[in-house]
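I opened a new notebook page today. Here is what I looked up, in order.

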Amino acid sequence: QVQLVESGGGLVQAGGSLSLACAASGSSSSISRMGWYRQAPGKQRELVADITSGRSIRYAYFVRGRFTISRDNAKNTVYLLMNSLKPEDTAVYYCNVVMSTTYWGQGTQVTVSS
């Protein structure tokens, strides 16, 4: 079993920055992919960015150039630095960890005011 602890998020004005972190503990020695998804009210959950243990990265087109994902394999922690935030980035952000099973964090709210 893997436990995910998310931190960060909050309220920021448009153009500002926030950072998220997600630490995996428990039986987390064989994590292949870690990342972030988001879900806005009335919308489907969507990929924001993810990164493999070999640091291969995928970004959604709508965050490319603004968000940066990184990972500390020794700490089983994934980070998301979000710059130039827009009101449309407002959503609940979920940590995602892929092993033989997929795990989800509890979600953290990011609100960007105009």
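My entries go from the whole chain to two single residues.

**Ground rules.** I am working with a predicted model, where local features need pLDDT of at least 70, side-chain atom pairs count only at pLDDT 80 or more, and totals for chains, interfaces and linings use all residues. Residues are numbered from 1 along each chain as its sequence is written, and side-chain values use heavy atoms, with hydrogens and water left out.

**Whole chain.** I looked up the secondary structure first. The protein chain has zero helices and eleven strands; helices (H or I, at least four residues) and strands (E, at least two) are DSSP runs, numbered from the N terminus. The radius of gyration is 13 Å, close to the 13 Å that the globule rule gives for 114 residues, so the protein chain is as compact as a globular protein of that length. That radius is taken over C-alpha atoms, and the rule is 2.2 Å times the number of residues to the power 0.38. I noted the span of the C-alpha trace along its principal axes: about 40 × 25 × 20 Å.

Next I checked burial. Of the 114 residues, 44% count as buried (under 20% relative accessible area, 1.4 Å probe, protein chains only). Then I turned to contacts (heavy atoms within 4.5 Å). Among those between residues at least 6 apart in sequence, 51% join residues at least 24 apart.

**V78.** I found V78 in strand β8, residues 77-82. Is V78 buried or exposed? V78 is buried, with a relative accessible area of 0%. I listed what V78 touches, not counting residues up to four places away in sequence. The list includes L20, A21, C22, M34, W36 and C95. I also took one distance: V78 and S53 are 25 residues apart in sequence and 10 Å apart in space, C-alpha to C-alpha.

**D50.** I moved on to strand β5, residues 46-52, which holds D50. D50 is buried too, and its relative accessible area is 1%. With which side chains does the side chain of D50 make a polar contact? One partner is the side chain of R33, at 3.1 Å. Another is the side chain of R58, at 2.5 Å. A polar contact here is a pair of N or O atoms within 3.5 Å; within protein, one must be able to donate a hydrogen and the other to accept it, and residues adjacent in sequence count only if both atoms are side-chain atoms. Leaving aside neighbours within four places in sequence, D50 is in contact with R33, M34, G35, S56, I57, R58 and I69.

How values were computed. Buried < 20%, exposed > 50% of the residue type's maximum accessible area, 1.4 Å probe, protein only.
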